[in-house]
Amino acid sequence: MSNPRSLTITVEAKSDEHLRKLLELAIFDLSQMHEAIRGAEEGESIPSTMEGDMGHYRLDYRLGTHTFIAAHRGLTDQGYSFVETTDWKTEDYNLYRHDEHPPVRLYLNSAQVTDHNPDDHQEGRIPF
């Protein structure tokens, strides 16, 4: 299954020409982010910034949709820790554990949080 991605670009420049040049630099910077992205987990955000005489930009490349990222942050703020991203037959999800609460799933495409059933988890894995 494909995993959704999202990107937020903020550019502030001193002129229209500077804006275009900064946007070109931001897109080039995005194309060079593959190494940083390679080791990241679903739900993470990888920022990149540049500031200079023309103005500045900020890229936020997110491994997931904006809704998914917000749900991921909500779970981690509640004390849940990320365990793994599944390779599931139907819909991939992240698994989270908590010391005081039952584990939960956060689905990558829908950003829905549900209780985790370990039996379903083993049955739904894609065999390699």
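Two strands count as paired here if DSSP finds at least two bridges between them. Keep that handy; the model you're looking at is predicted.

**Exercise 1.** Work out in which order the four strands of the open sheet sit, and which of them stand at the edges.

*Solution.* 
- Start with the pairing: the strands line up as 4-5-6-7, and they pair antiparallel.
- Now look at the ends. Strand 4 (81-85) and strand 7 each have a single partner strand, so one side of each has no neighbour in the sheet.
- Zoom in on one pair: strand 6 and strand 7 run antiparallel and are joined by three bridges. In strand 7, V113 is the residue opposite L106.

**Exercise 2.** Find which residues of helix 3 are buried, and explain why they line one face.

*Solution.* 
- Take the helix itself: helix 3 covers residues 66-77, twelve residues in all, and reaches 16 Å from first C-alpha to last, close to the 16 Å expected.
- Pick residues with under 20% relative accessible area. That gives F68, I69, A71, H72 and L75.
- Look down the axis of helix 3: these buried residues fall within an arc of 165°, so they line one face.
- Check the face turned away from the buried side: T67 and D77 are exposed there.

Definitions and conventions: Residues numbered from 1 in each chain as written. Predicted model: local features only at pLDDT ≥ 70, side-chain atom pairs only at ≥ 80, totals over all residues. Heavy atoms only, no water. Helix = DSSP H or I, 4+ residues; strand = E, 2+ residues; numbered from the N terminus. Expected span 1.5 Å × (residues − 1). Buried < 20%, exposed > 50% of the residue type's maximum accessible area, 1.4 Å probe, protein only. Arc of directions from axis to C-beta.
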